[in-house]
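These are my notebook entries on one chain. I set down each item in the order in which I looked it up.

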Amino acid sequence: MPETLTLSHGERLMICRKRAGLNSTEMARRLRVSANTLRSWEADRTRPKYLEVLAWADVCHVPAEVLDPDIRNRCSDPAAGDTDRRAS
């Protein structure tokens, strides 16, 4: 059986961004966040809120589950966003 590659949350974000042909500055601008915030997400220091993941997925034209397989379980009220910004 082939070995499965496991990617961190930040690695998934970065791969999707790069496949969409965007540099980190342009992605940050489109998401209306600072470049430092985006780098923190991609480095797994913090995690984006629910709505930020949805926006990232929209910009990259991928389902949100590609970026965060547990996205639907992460937040009981999607409009409220996450209260814990630390990486899990």
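At roughly what angle do the axes of helix 1 and helix 3 cross, and within what distance do they come? I found that the axes of helix 1 (residues 9-19) and helix 3 (residues 35-42) cross at roughly 120 degrees and come within 7 Å. Helix 1 is therefore oblique to helix 3.

I note the conventions here. The model is predicted, so local features need pLDDT of at least 70 and side-chain atom pairs count only at pLDDT 80 or more, whereas totals for chains, interfaces and linings use all residues. Residues are numbered from 1 along each chain as its sequence is written, and side-chain values use heavy atoms, with hydrogens and water left out.

I also record the terms. Helices (H or I, at least four residues) and strands (E, at least two) are DSSP runs numbered from the N terminus. Axes are lines fitted to C-alpha atoms, for helices over the stretch in contact, with angles from 0 to 180 degrees between N-to-C directions. Angles under 35 degrees count as roughly parallel, over 145 as roughly antiparallel, 65 to 115 as roughly perpendicular, and the rest as oblique.

**Entry: helix 1 and helix 3.** I listed the contacts (heavy atoms within 4.5 Å). Gly10, Glu11, Leu13, Met14 and Arg17 of helix 1 meet Leu38, Trp41 and Glu42 of helix 3. By class, I read 4 nonpolar, 1 polar and 3 charged residues in this contact. I then looked up Ser40, which belongs to helix 3. Ser40 is buried at 17% relative accessible area (buried is under 20%, exposed over 50%, partly exposed in between, with a 1.4 Å probe and protein chains only). Beyond four places in sequence, Ser40 contacts Arg45 and Thr46.

**Entry: helix 2 and helix 4.** I found that the axes of helix 2 (residues 24-31) and helix 4 come within 10 Å and cross at roughly 120 degrees. This makes helix 2 oblique to helix 4. Met27, Arg30 and Leu31 in helix 2 meet Glu52, Ala55, Trp56, Val59 and Cys60 in helix 4. I read 6 nonpolar, no polar and 2 charged residues in the contact of helix 2 with helix 4.

**Entry: helix 4.** The buried residues of helix 4 (residues 50-60) include Tyr50, Val53, Trp56 and Ala57. Leu54, also located in helix 4, is partly exposed at 28% relative accessibility.

**Entry: positive phi.** Most residues other than glycine have a negative phi. I noted Asp44, with phi near 65 degrees, in the loop between helix 3 and helix 4. Asp44 is partly exposed at 27%. His61 has phi near 60 degrees and sits in the loop between helix 4 and helix 5 (64-67). At 73% relative accessible area, His61 is exposed.

**Entry: confidence.** I checked pLDDT, the predictor's confidence in each residue from 0 to 100. The chain averages 85, and 77% of the residues score at least 70. Among the elements, helix 3 has the highest mean (98) and helix 6 (residues 71-74) the lowest (77). Over residues 83-88 pLDDT stays under 50, and the model has 14 contacts there beyond four places in sequence. Where pLDDT is low, the predicted coordinates should not be read in detail.

How values were computed. Nonpolar A, V, L, I, M, F, W, Y, C, P; charged D, E, K, R; others polar.
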